[in-house]
Amino acid sequence: MAFATTKHLKLRAMRDSDHAYFDIEENDQRVMRTTFPGYIVPKGGSSAKEQREKFLSSALLLVIIEVKKEYTGLRKWDEDEERKENSVKKAEDWDRELFGGFAVLHLPWPKNREASFGISILTQWWGNGFATEVTEWVVQHGFEQLNLHRISLNFFGTNGAAKRVYEKCGFVHEGLKKKVFWLDGQWVDEGLMGIVDEDYLERKKALASKS
Ligand SMILES: CC(C)(COP(=O)(O)OP(=O)(O)OC[C@H]1O[C@@H](n2cnc3c(N)ncnc32)[C@H](O)[C@@H]1OP(=O)(O)O)[C@@H](O)C(=O)NCCC(=O)NCCS
């Protein structure tokens, strides 16, 4: 059952079976190279599951992103992935077909009501506006339902797509830590962005007055 929906997506709670899709994502270097600060090596088995569970179970909000069935045509198939659009019949095949990624908020110090945001979309779905849809929803839910005061995030300086998504959703640049991540034989900066409740509400008013 969906917890919430956006134009193309359903946002739902995590299921045990989702671990298989996280395994795919955590072994996709295109994703790991833009998110993971540690050593990029093959991941799997019980230790990967344990680490993931530790990270996800401490979240204030975790949503699994599922693409609505009518939008599966937006998927770009990987060259090495067998195309089997006509053979999708079983429920678990549909689960695999529709899994789009996840978004998460952590609230390390509840007193301050400052959450940190993270999102990951499976590469097959990139460029469809999904991250923007989900980020808009999380920001709205964070301020209007979870009573957050501030949402913060950080990103690899090389991650132009993430930076663009966050700008589109009202996050402002707050700083740059120089040469933080070692990637592709060179140092990469870390960008810092955030949005506070009053700016969120002002933006919401401004958008409403335009429409
Ligand atoms: C970053 C990520 C979340 C974007 O997801 P997505 O669903 O493709 O994003 P959207 O389609 O909503 O928007 C992408 C925007 O970035 C733009 N973009 C894409 N590549 C870009 C680049 N190299 N530089 C600048 N902008 C770029 C797109 O044109 C689009 O902007 P537009 O709508 O103004 O045209 C996705 O690539 C991802 O999950 N990457 C791996 C994990 C990750 O990096 N997470 C963020 C960690 S901080």
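Trainee: In which strand is the place of Lys-179?
Mentor: This is a predicted model. In it, Lys-179 lies in strand β7, which covers residues 172-183.

Trainee: What is the phi of Lys-179?
Mentor: Its phi is positive, about 50 degrees, although Lys-179 is not a glycine. Most residues other than glycine have a negative phi.

Trainee: Is Lys-179 buried or exposed?
Mentor: Lys-179 is exposed, because 11 other C-beta atoms lie within 10 Å, and the cut-off for exposed is 12 or fewer.

Trainee: What about Arg-113, where is that?
Mentor: Arg-113 sits in the loop that links β4 and β5. Its phi is positive too, near 55 degrees. Arg-113 is partly exposed, with 16 other C-beta atoms within 10 Å.

Trainee: Changing topic, how many residues does the largest nonpolar core have?
Mentor: That core has 36 residues, and Ile-65 and Val-134 have the most contacts inside it. Elements that each supply at least two of its residues include β3 (61-67), β4 (99-106), β5 (114-121) and α6 (160-168).

Trainee: Which element gives the largest share of this core?
Mentor: That is α5, with six residues. In soluble globular proteins, nonpolar side chains tend to be buried together.

Trainee: And which residues is Ile-65 in contact with, leaving aside its neighbours within four places in sequence?
Mentor: Among them are Leu-9, Leu-11, Phe-102, Ala-103, Ile-121, Phe-130 and Val-134. Gly-100 and Gly-101 are also in contact with Ile-65.

Key: Residues are numbered from 1 along each chain as its sequence is written. This is a predicted model: local features need pLDDT of at least 70, side-chain atom pairs count only at pLDDT 80 or more; totals for chains, interfaces and linings use all residues. A nonpolar core is a set of buried Ala, Val, Leu, Ile, Met, Phe, Trp, Tyr and Cys residues joined through C-beta atoms within 7 Å. A residue is buried if 20 or more other C-beta atoms lie within 10 Å of its own, exposed if 12 or fewer, and partly exposed in between; C-beta atoms are placed from the backbone. Helices (H or I, at least four residues) and strands (E, at least two) are DSSP runs, numbered from the N terminus. Two residues are in contact if their C-beta atoms, placed from the backbone, lie within 7 Å.
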